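Colleague: I would like to learn how to read a model like this one. Can we take it feature by feature?

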Amino acid sequence: MVQEKYQVKLTSEEKRHLRKVVRSGRSSAQANTRARVLLKLDEGWTAPQVASAMEVTERTVFRIKRRLAEEGLAETLHRRNQVNRYRKVDQRVTAHLIALACSPAPEGHDHWELRLLADRMVELGVVESLSHETVQPLSSQF
């Protein structure tokens with residue numbers, strides 16, 4: 001039998017917390033699955049057994065075990081923040097967009113449309129390019 005690199009040994013408090021996550025129904029589906037995987041591993045199930053029972057891959061089980069060992073229980077249950085993700089629309093761009101949307105509509109239009117806003121933001125040099133699809137979720141702010 002192969003010795004696994006990461007062993008799952010939960011304290012009674014951690015088990016209690018995981019059971020609460022599973023029962024409450026307030027956590028994301030991912031957090032719920034991770035909690036159930038950890039509980040099964042702590043009961044002595046093997047990675048293939050857990051993967052089959054939880055309908056995940058063995059690789060997923062391994063990643064959950066590794067993350068528990070390296071980062072702790074709280075970090076294992078929740079999504080990581082995507083720190084390297086480039087966002088075209090930040091607070092500065094949003095502020096410009098709101099100010100523009102609150103200004104009078106261009107001549108020939110009775111109100112601002114999403115495409116007009118996106119095009120004007122590019123004309124003003126606030127951003128290099130901007131889709132009306134990017135503007136739409138922000139439109140609820142103005």
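Modeller: Let us start with aromatic rings. This is a predicted model, and a search of the whole structure finds 1 aromatic pair.

Colleague: How is the aromatic pair arranged, and which rings form it?

Modeller: The general idea comes before the case. Two numbers describe a pair of aromatic rings: the distance of the centres and the angle of the planes. Here the rings belong to Tyr6 and Phe62. Their centres are 5.8 Å apart and their planes meet at 55°, so the pair is tilted. Planes over 60 degrees apart would count as edge-to-face, and those under 30 as stacked.

Colleague: Where in the chain do Tyr6 and Phe62 lie?

Modeller: The pair links distant parts of the chain, 56 residues apart. Tyr6 sits in the segment before helix 1 (12-24). Phe62 belongs to helix 4 (residues 58-71).

Colleague: Buried or exposed: how do I class Tyr6?

Modeller: Compare its relative accessible area with the cut-off. Buried means under 20%. Tyr6 has 13%, so Tyr6 is buried.

Colleague: Now the backbone. What is there to say about phi of Glu55?

Modeller: Most residues other than glycine have a negative phi. Glu55 has a positive value, near 55°. This residue lies in the loop between helix 3 (47-54) and helix 4.

Colleague: How many helices and strands does the protein chain have?

Modeller: There are 8 helices and 0 strands. Along the sequence the pattern reads α-α-α-α-α-α-α-α.

Colleague: How much of the protein chain counts as buried?

Modeller: Of its 142 residues, 30% count as buried. The chain exposes about 10200 Å², with carbon and sulfur atoms supplying 47% of that area.

Colleague: And the contacts and charges?

Modeller: Take contacts between residues at least 6 apart in sequence: 48% of them join residues at least 24 apart. As for charge, the protein chain has 24 positive and 18 negative side chains. The centres of these two sets lie 10 Å apart.

Technical notes: Residues are numbered from 1 along each chain as its sequence is written. This is a predicted model: local features need pLDDT of at least 70, side-chain atom pairs count only at pLDDT 80 or more; totals for chains, interfaces and linings use all residues. Side-chain values use heavy atoms; hydrogens and water are left out. Helices (H or I, at least four residues) and strands (E, at least two) are DSSP runs, numbered from the N terminus. Buried means under 20% relative accessible area, exposed over 50%, partly exposed in between (1.4 Å probe, protein chains only). Contact means heavy atoms within 4.5 Å. Accessible areas come from the Shrake-Rupley method with a 1.4 Å probe; for residues, only the protein chains shown count as cover. Lys and Arg count as positive and Asp and Glu as negative; His and the chain ends are not counted. The place of a charge is taken as NZ of Lys, CZ of Arg, CG of Asp or CD of Glu. Rings of Phe, Tyr and Trp (its six-membered ring) pair if their centres lie within 6.5 Å; planes under 30 degrees apart count as stacked, over 60 as edge-to-face and the rest as tilted.
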